[in-house]
Amino acid sequence: MPLPLKRFGVPPVILLGTALLGAAVLALTLVPRPPAEVRTLEAVLRRLSRGNNLGTQPIHFMVVSGTYTAQLAAERGFCKPDQCVMFTQLNPYQHYGNGWDELIRQGYALGDIQAWSASSGTVVIPRATFRAYGTHSGYLACTVAHEIAHIRRNHVFQQSHHLYHNLRGQSEEAMTLGDRKRSRELELEADRDAATMLARAGYQGRVCQQDLVFMARSVGDGSITEPDSTHPGTDDRLAAMRAHYDAIEKRPPAAETSTRIRSSYNRSENLLTLTPLPR
Ligand SMILES: [Zn+2]
């Protein structure tokens, strides 16, 4: 005689809980993760926020196609050589479907380490920078910290102020050379800030000095400082960085309160926003 099957019912609460968990897992798998470069950037920013005061203003980061893509666009006649900024800043995670995708692909494969920042608080980094740095996340941190320093110190404003107040009335050539000289000083200041930020964040050794050597070789830049250079030549930049490490090794920088941060990536705007939270 078959034994009657005893059925154990699952309580409704457990059923509901399981369904909710399933929905949450499904939602997580449906929402795509930020691109790999953005995740790398988030990790670098989390580390730099330790031991450093990143201020109270949000800082934005945009991964772009880069200048090599713009160069190719000019060659293809998509833009006049001095009017290709838009091609520098295309979204490398978007498909344009009008011939630009190939320019972006080549820009990624052949472009090199670069970054720049806008006075409005956006750091721009070509996707090729991440490819060129590979696993050298400490070197990437130097480049990111250098750009944050430009923003935090309002270097664009400072340079403009210098031009209109201190160089005013001089000949056009003298103004240009004075402006470039100031630009080189500000570059070295951002370099020093970057090295100091990395030291505060706990990076060991002369990471930013090594970064300058790595970067010069990667981009193939063995230039010297010319009177009209916006950046110091390779050797001068390296010598200044070496001197700064000599100084901070003798007298380590005072610790700052770490910055609590929130980071969020907006896919349609291709913007990673780092928001410092109140202490
Ligand atoms: Zn710079």
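Reply: Start at Asp-246, which sits in helix α11 (residues 234-250). Helices (H or I, at least four residues) and strands (E, at least two) are DSSP runs, numbered from the N terminus. Residues are numbered from 1 along each chain as its sequence is written. The model is predicted, so a local feature needs pLDDT of at least 70 and side-chain atom pairs need pLDDT 80 or more, while totals for chains, interfaces and linings use all residues.

Asp-246 is exposed, because it has 10 other C-beta atoms within 10 Å. The cut-offs are 20 or more other C-beta atoms within 10 Å for buried, 12 or fewer for exposed, and partly exposed in between, with C-beta atoms placed from the backbone. Arg-206 is 40 residues away from Asp-246 in sequence, and their C-alpha atoms are 9.6 Å apart.

Now the whole chain. It holds eleven helices and five strands. Of its 279 residues, 30% count as buried. Among contacts with a separation of 6 or more, 70% join residues 24 or more positions apart; a contact means C-beta atoms, placed from the backbone, within 7 Å.

Next, the confidence. The average pLDDT is 91, and 90% of the residues score at least 70. pLDDT is the predictor's confidence in each residue, from 0 to 100. Where it is low, the predicted coordinates should not be read in detail.

Then the sheet. Its five strands run in the order β2-β3-β1-β5-β4, as an open sheet with mixed pairing. Strands β2 (116-118) and β4 (261-266) are the edges, each pairing on one side only. Neighbouring strands are turned by 20° against each other on average, direction ignored. Pairing here needs at least two DSSP bridges between two strands. β4 and β5 (residues 271-276) run antiparallel and are joined by six bridges. One of the pairs is Tyr-265 with Leu-272 of β5.

Between β4 and β5 lies a loop that holds Asn-270. Its phi is positive, about 50°, though Asn-270 is not a glycine. Most residues other than glycine have a negative phi. Asn-270 is buried, because 20 other C-beta atoms lie within 10 Å.

Helix α7 (residues 137-152) lies across β1 (59-64), β2 and β3 (122-126), at about 25° to β2. Such angles run from 0 to 180 degrees between N-to-C directions, with axes fitted to C-alpha atoms, for helices over the stretch in contact. α7 is mostly covered, with 14 of its 16 residues buried. Those 16 residues should span 22 Å at 1.5 Å a residue, and the end C-alpha atoms are 22 Å apart, which agrees. The expected span is 1.5 Å times one less than the number of residues. Just after α7, Asn-154 also has a positive phi, about 50°. Asn-154 lies in the loop between α7 and α8 (155-166). It is exposed, because 12 other C-beta atoms lie within 10 Å.

Last, helix α5 (residues 100-110). Its buried residues are Trp-100, Leu-103, Ile-104 and Gly-107. Seen down the axis of α5, they fall within an arc of 100°, so they line one face of the helix. That arc is taken over the directions from the helix axis to the C-beta atoms. The face turned away carries the exposed residues Glu-102 and Ala-109. The cover over the buried residues includes α3 (67-75), α4 (85-88) and α6 (127-133).

Terms used:
Two residues are in contact if their C-beta atoms, placed from the backbone, lie within 7 Å.
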